[in-house]
Amino acid sequence: MLTKTDAIVLKSMKFRDTSKIVTFYTRKYGKIKGVAKGARVMKSKFGAALEPMTQVGIVLYRKEHRDLQLLSQCDIVKPYKNIHSDMERMSVAMSVLERINQLTHEEEENMLLYNLLIEIMDELDRATKNHINLLYAFELRYAALFGFSPALDSCGSCGKSTEDFNDERSVVFQLFKGAVMCPTCAESITAQPYERFAVDNVERFIQKLTLTGGNLKISAPTPRILQRLLASNIGGTTSLEFSLPIRNEIDVTLRLYLRYHFEGLKPLKSFEIFQKILN
Ligand SMILES: [Zn+2]
């Protein structure tokens with residue numbers, strides 16, 4: 001069946017002498033892999049349309065339950081020039097695409113996820129600062145889409161709003177429940193304090209955390225900022241400002257949270273590169 005859909009190019013790799021295998025996240029079919037025959041010869045009809053981080057319109061000969069579809073046409077809808085010309089934006093985009101590739105199965109349509117991806121890519125191309133916030137906003141929304149939205153607006157025990165937490169004290173984030181404990185309620189819970197080394201070594205930190213049942217002790221502003229990253233509209237997330245230590249906490253908290261809730265999740269390769277640029 002010949003079919004048309006919009007998509008974002010997730011990945012592209014060489015195939016045989018002149019072709020490419022391209023992974024798309026499409027509006028109609030979710031993740032799909034296609035062969036672009038002759039994509040690597042001069043003057044190929046595909047041009048630059050098969051580059052990752054590009055929004056495209058594709059035409060496929062689609063057969064159900066086939067691993068590789070045959071790509072007939074691919075045209076650029078949005079080239080995302082700012083993303084392609086800026087290392088910081090690019091590493092955020094690559095991280096988001098890597099997550100989608102890791103977390104989705106082929107041919108599982110999800111319109112909400114497609115729309116979220118487009119919103120994130122559009123804003124990443126447009127925003128002039130704090131691009132990393134879009135990765136965090138994406139990860140929080142992704143968890144929410146699959147039923148693991150953390151409850152970050154108030155204490156999971158007494159209901160005190162995270163906006164009213166005393167910033168000088170620590171709080172506890174319970175990774176299994178996705179719940180926050182205010183400074184007072186946190187006093188009676190065994191928790192592993194956040195440590196700076198976890199930014200570069202999440203795997204080792206997870207082992208320590210498991211000993212305390214997945215309870216992570218973090219600074220009071222962190223859940224409040226996570227809540228804003230989750231609940232603000234996408235465009236508003238890049239105007240949120242916070243210090244580097246808080247950013248590191250957010251980073252580790254989110255990576256741990258996703259690891260606890262999505263089995264087999266691997267560390268982000270694109271993100272490691274990003275960390276090296278920023279820190
Ligand atoms: Zn409380």
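Modeller: The protein chain has 10 helices and 10 strands; helices (H or I, at least four residues) and strands (E, at least two) are DSSP runs, numbered from the N terminus. The radius of gyration of the chain is 20 Å, close to the 19 Å that the globule rule gives for 279 residues, so the chain is as compact as a globular protein of that length. That radius is taken over C-alpha atoms, and the globule rule is 2.2 Å times the number of residues to the power 0.38. Along its principal axes, the C-alpha trace spans about 65 × 40 × 30 Å.

This is a predicted model, in which local features need pLDDT of at least 70 and side-chain atom pairs count only at pLDDT 80 or more, while totals for chains, interfaces and linings use all residues. Residues are numbered from 1 along each chain as its sequence is written.

The chain is divided into domain 1 (2-79) and domain 2 (133-278), with bounds that come from an automatic or database domain assignment. The C-alpha centres of domain 1 and domain 2 lie 36 Å apart.

Of the 279 residues in the chain, 39% are buried. A residue is buried if 20 or more other C-beta atoms lie within 10 Å of its own, exposed if 12 or fewer, and partly exposed in between, with C-beta atoms placed from the backbone. A nonpolar core is a set of buried Ala, Val, Leu, Ile, Met, Phe, Trp, Tyr and Cys residues joined through C-beta atoms within 7 Å. The largest such core has 71 residues, and those with the most contacts inside it are Val9, Phe24, Ala93, Leu117 and Leu216. Helix H4 (residues 132-145) gives the largest share of this core, nine residues. At least three residues of the core come from each of domain 1 (2-79) and domain 2 (133-278).

Two residues are in contact if their C-beta atoms, placed from the backbone, lie within 7 Å. Leaving aside residues up to four places away in sequence, alanine 93 touches Met53, Ile83, Met121 and Leu124. Alanine 93 is also one of the buried residues of H2, which include Met90, Val92 and Leu97. The 17 residues of helix H2 (residues 87-103) should span 24 Å at 1.5 Å a residue, and the end C-alpha atoms are 24 Å apart, which agrees. The expected span of a helix is 1.5 Å times one less than its number of residues.

Helix H9 (residues 244-261) can be treated in a similar way. At 1.5 Å a residue, its 18 residues should span 26 Å, and its end C-alpha atoms are 26 Å apart, which agrees. Among the buried residues in H9 are Ile250, Val252, Leu256 and Leu258. The buried residues of H9 pack against H4, strand S7 (170-174), helix H6 (202-210), strand S10 (215-219) and helix H7 (221-231).

The loop between helix H3 (111-126) and H4 contains alanine 127. Alanine 127 counts as partly exposed, with 19 C-beta neighbours inside 10 Å. Alanine 127 and threonine 237 are 110 residues apart in sequence and 9.8 Å apart in space, C-alpha to C-alpha. Asparagine 130 also lies in the loop between H3 and H4, and is partly exposed, with 16 other C-beta atoms within 10 Å.
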